[in-house]
Amino acid sequence: MKKTILFLLISCSVLSAQKPVPAPEQTGSVLILGGTIHIGNGKVITNGAIGFEKGKITLVSEATLIKINSDSFSQIIDASGKDIYPGFILPASQIGLKEIEAVRATLDENEVGSYNPNVRSLVAYNTDSKIIPTMKFNGILLAQTAPEGNLIRGTSSIVQLDAWNWEDAVYKEDDAIHLSWPSAYSRKWNEGVIVTEKDKKYVELINDLKTFFDDAKAYSEIQDQKNKDLRFESMRDLFTGEQKLFIYADNAQEIQNAIEFAKKYEIKNIVLAGGADSWMLTDYLKENNIPIIINSLQTLPSAGHDDIAIRFKLPKLLRDAGIKFGFGGLGMELMEKRNLMFDAGMSVAHGLNYEDAVMALTLNTAEILGIANSVGSIEKGKDATFFISIGDALDMRTNNIEYAFIQGRQIDLNTEQKELYIRYSKKYSIE
Amino acid sequence: MKKIIVLFIFSACSLFGQETFPTNGITNQNKSNYAFTNAILIVNPETTIEKATLLISNGKIIDVGKSITPPDGFVVVDLAGNYIYPSFIDIYTQYGIEEAKRKKENNPGPQMFSSKSGAFGWNEAVKPEVNGADLFSIDNKEIEEWLKAGFGAVLTHQLDGIVRGTATFTLLGKESENKSILKREAASLYSFSKGVSRQDYPSSLMGSIALLKQTYHDAYWYKNGGNKLEENISLDEFNSIQDLPQIFEVRDVLSIPRADKIGDEFGKQYIIKGSGNEYQKIDLVKSAEVRLIIPINFPDAFDVEDPFDAELVSLEAMKHWELAPLNPMMLDKAGIEFAITSLGTKSKNEFWTNLRKSINLGFNKKTALKALTTIPAKLINSEEMAGTLDKGKIANFLITSGDIFDESTQIYQNWVAGKPTVLASFEDKSLAGNFELTFNGFNYDLEIESKDSKLKSKVTFENEKAIPAKINYGNELVTLSFSDSARGYFRLNGIFDSQNRTFKGKGQDENGKWFSWSAKFKNEIVKQDKNEDNSKESEEYLSNLGEITYPFLPYGKSNFNANNNYLIKNAMVWTMENDEAPSQMDVLIKNGKISEVGKNLPSTDGVPTFDAEGKHLTPGIIDEHSHLAITRGGNESGLASSAEVNIGDILNSDHINIYRQLAGGVTTVQVLHGSANPIGGKAALIKLRWGKSADEMKFENADGFIKFALGENVKQSNWGSDNKERYPQTRMGVEQFYIERFTRAKEYEESWERYNKLSDNEKKNAIQPRKDLELETLVEILNSKRFITCHSYVQSEINMLMKVAEKFGFKVNTFTHILEGYKVADKMLEHGAAGSSFSDWWAYKFEVNDAIPFNAAIMTKVGINTAINSDDAEMARRLNQEAAKSIKYGGMSEIDALKMVTLNPAKMLHIDNKVGSIKVGKDADLVIWSDNPLSVYAIAEKTFIDGIIYFDREEEKILQESIGKERARLIQKMLSVKKSGGKTQKPKKEEQIEYHCDTIINFN
């Protein structure tokens, strides 16, 4: 009975406002003239021109440098004075898997057990999540949706955020397996204080993981196993290098243990997720060529003696050390991740070059996710997945997305939140 | 002399029978009359008598002095060269009493009321009826430890609960509880910890404080007529123990003023059982004018060999390791009187090690002796019977080989009420020395050393290497054996003549051949002075010490720049006083106030000038909803109304987030109770005066606020399936609960009005109403003397609370969070409520499904005074950015957006006459920003409060560097401890939790 009531309440609220309709495939061709193009690779074109057709970019240039036959385009958009960015990419998120943190029935991100490589986020990805439109509203057009959990969380996929169903949405299927590295420290509650100490179970958990990986690797050496193990089957691509391994670790010792572990299994595509202490290990990470999807900057330093701005300065420190990183907003609640670009803005305030910050929201992330050949920057031949903002999109004071395109489709930027705003503005006759 | 030792052993049997107890066999009528002569007698820490005589009889001292002839019938003990000290008293122990145990959990759900049988009070943590004497039984094992360590009497009780009952003062006697107890009820004990009680209330420190205060009021009411209305053993007992010394245990120096304030309110001067970190806040201790009982449980050094593991250890923990042993000395130097307790040390050996450590580091020996004898006796009003060796007092004393605090000193005997415990044999000093040993024509040098009552010896043949020899001595007979590879294996036995210091006896060689041997005294052994070594070591330790900073944390400072006069030139000034765009101006700060705002203000001598060209100047940011700087619980969740609790009682001045928020331009913060119940607790308004005490941080003369809450948290929707008992569980019940409490409050007020109108005569026959702290607070609300800020989400409940308030004739001052405020903005405007919202939070609970980031913009446009708050220690560092989101969501102007974190919350909190805008006469709470304050690129460079710079980004860099250096220094010091074989502990991090509205924890 109670479940029914809850269900009714949810469906009522869902019906109360209109969901944006996914855009149809691009027909005709579009030319965008004027505006500052943040390419995504660190370069900028002021007064740019972008042409795209059949979902692909056909032209990127400074408008005055080339001759453009505007008659050959079916639509021309004037972007002068505006800023154009590749679609921002949200990696390592639970988008479409989680809706309301406190309502269990709306949560689909964490499967039972500690070894779930075979669990696939894609099939649970809810294209109708109310959270998705709020991401697009701020410029996030692509995301990696990944399971959560202990140890081997499961397999993620990359989705574009304007789709009817998950088959429509998928951009890269089963791109990576996600591993929560065990914590080297235990946290215990004692007399009103949280006490963190070395965890004796740490070594034990790593040994369990080793056994699992040993078995999985041995299993993968035989192509056609008679008795199929779903978990090991799902890990074959990890050992061939087709799939990436995302390892979640924050502490300096954990990071080193985790990377040494992955190296031992000759896993070619390792991504560190989190990496709070990565500033202590820049040489090591550089040497091993490990990219990082970083935590949200909106977290407190872990120690009282830390630089009070250490979280804000991390991107600059990584850039200076030559380590590839993407903004990940890890640690934020899902609904907060619409603010991912403001993390990038804060890192600029603390020393990172602006175009480097844009790159860490776009091309870097695309490269880390393995989709950079078709997306992540505004370059000829790539998907027309980008947006026009009336102001600087990295600053909440000016972020204002006017047009957004995913694979050439001009998408509806409306949200139910905006609809409620309009509804009540009318009620009070304001605006 | 040697005979006496034998005697002592015999006399260890019972000296007195017990009057009411039957005897088995012959009654012992021995009075144990002893005369101790020729001793160096420390009568008390101030008086030492050389060659003194001490007479004891029947367990008491009957005479003490210089030329006393031992009367007949006394056993005479010659103590030439030895010392007599009063034995130690520990007045904070649990000796002989079992630790309280938590009852087994039968029901995993809440326990709202007491589960105790009997007509006791309502709360299990208040148990004045518990008496240590009822629980006490002699512990034959533990007592030996106590006696060995030199203690003769202790105050003991079960250390559990908030009101703990009475402790009993007892001798460390071995035979009978009845004879050992000196004072059955010697003190009554208190703390802020509810201990093993499973009852939900209190679940927080502020709840403990409120419960204790309410108990004083209840007991007063009970005594004055309440007892006609109910029987309550607890309140009765509480009243009966009020004249005893009152001892209050705290966990932290910051709780000393908390306890002291309660004492002031109810006319009590507590003796504070401290925690050992008093040195960090000597001024607080001094101003509380309390006497202390302090532990000497110094932490071991951390094992910091792994540099990553070492990162776990906080700077303050490292500093505490270094400075804790100086706590006694520093308290003494500050003139604070204290007793020392052994409670907290892992063993009595550690107690002694630590005590000597403190003394080596400069703690005055006389004070140490006082802290272990006269002061504890005085604190529990027992100085007439114990603590010194004056005539008439209990014969509790120690016989020692020397100054009791010297490392080489041996406690030979511990006498408790005239009965001795022999801890070591008297050392025969004549036995130690260099002797010439002769036998079979050989001449050896024999060196006999006496250390800790143990003999050590070695023999040397001419210029050869020394050979260790085994030596034993007892009852005048000595045995000595050694193996000389050149000359053979010899075993000797002989008699020692102490008069002439010679040995004589027979020996046998390895072939079984007998021979005669003798040895005669040559000279004394030249001892190297260990004290000198110690003093060198301690000099080194003291020469290289960390500073005490305020607060005692990283980024704390040891000196405070109190200058509050500055001229800020050429800044883009956001006055908030009008809707005009900011313009370039100067601002003069004089005596902490904004004195002038304008163009080209002249500079004055002695007033530092900042050229802020290209920078922005705004009022300090005000956070209407925060849980910053809370100690042990931001929710009193035990009951649905906790209007009696006060966040102002439990502020933590030493929290790093204060500094971090200053770095985000925050100057004023309303610290709120959480949202666990419909009626929460009283709020505190503070300015982030980093380095000041909690009381000094409080915003002067501010109106009082209280937190209310609605929705899922108060109806416990997300508390798990066990929490379905506490009323209310629905939004329907929430309304009824409010009506119920305000109805009770109204009647309460009326009952007092009626009572106060009575004539003096009529009052005599009437029963005074019980003072109820919860209802008192609600009456303040009814009379618009306290103002509500109510946690709220959905429109129905927002509407409901306004209607309840209107029914009772008051207004809801502020709805906080108020995420569906946009749906009832017109009604809020009509009611006159303000709204303090999150910028863009939603989707974390069902009730925030319709929360929209346009909320603040709609409310503002409708005309509601709207603010943006944090409710989060991290978000509070960038409230300017949160405000800026309303420019994006709803097209708010920049000025209006910035007002939401400055002037608007100031109005909400009724402090806009002092802060919130840049206006002549207001407090100079200002922030210099690197950029437009609404931009993500803006960084707070300087934060002023009352014109004083509390945060400066340039200074922060310097502080950071010195933190690094200080850690490096302490790490090196700890490493050297490990290298030299000292004790270490594993690295660990201890952190306070960050509180949010819904942080619900049950604190014991």
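This is a predicted model: local features need pLDDT of at least 70, side-chain atom pairs count only at pLDDT 80 or more; totals for chains, interfaces and linings use all residues.
Reader: Why is D218(B) called buried?
Author: Count its neighbours: D218(B) has 22 C-beta neighbours inside 10 Å. The cut-off for buried is 20 or more, so D218(B) counts as buried.

Reader: Okay, and where does D218(B) sit in chain B?
Author: You'll find D218(B) in helix α5 of chain B, which covers residues 205–223.

Reader: What makes L235(B) and R770(B) contacts of D218(B)?
Author: A contact needs C-beta atoms within 7 Å. D218(B) touches both L235(B) and R770(B), leaving aside residues up to four places away in sequence.

Reader: How far apart are D218(B) and I887(B)?
Author: In sequence they are 669 residues apart, and in space it's 54 Å from C-alpha to C-alpha.

Reader: On to the two chains. How many residues are in contact between chain A and chain B?
Author: On chain A there are 44, and they are in contact with 56 residues of chain B. The largest share of chain A's side comes from β13(A), with six residues. By type, chain A's side splits into 23 nonpolar, 13 polar and eight charged residues.

Reader: How do you know that β13(A) and β44(B) pair up?
Author: Pairing takes at least two bridges. Three bridges join β13(A) to β44(B), residues 989–991 of chain B, so the two strands pass that test. They run antiparallel.

Reader: Which residue does T196(A) stand opposite?
Author: That's K989(B), in β44(B).

Technical notes
Residues are numbered from 1 along each chain as its sequence is written. Chains are lettered from A and ligands numbered from 1 in the order in which they are written. Helices (H or I, at least four residues) and strands (E, at least two) are DSSP runs, numbered from the N terminus. A residue is buried if 20 or more other C-beta atoms lie within 10 Å of its own, exposed if 12 or fewer, and partly exposed in between; C-beta atoms are placed from the backbone. Two residues are in contact if their C-beta atoms, placed from the backbone, lie within 7 Å. Ala, Val, Leu, Ile, Met, Phe, Trp, Tyr, Cys and Pro count as nonpolar, Asp, Glu, Lys and Arg as charged, and the others, Gly among them, as polar.
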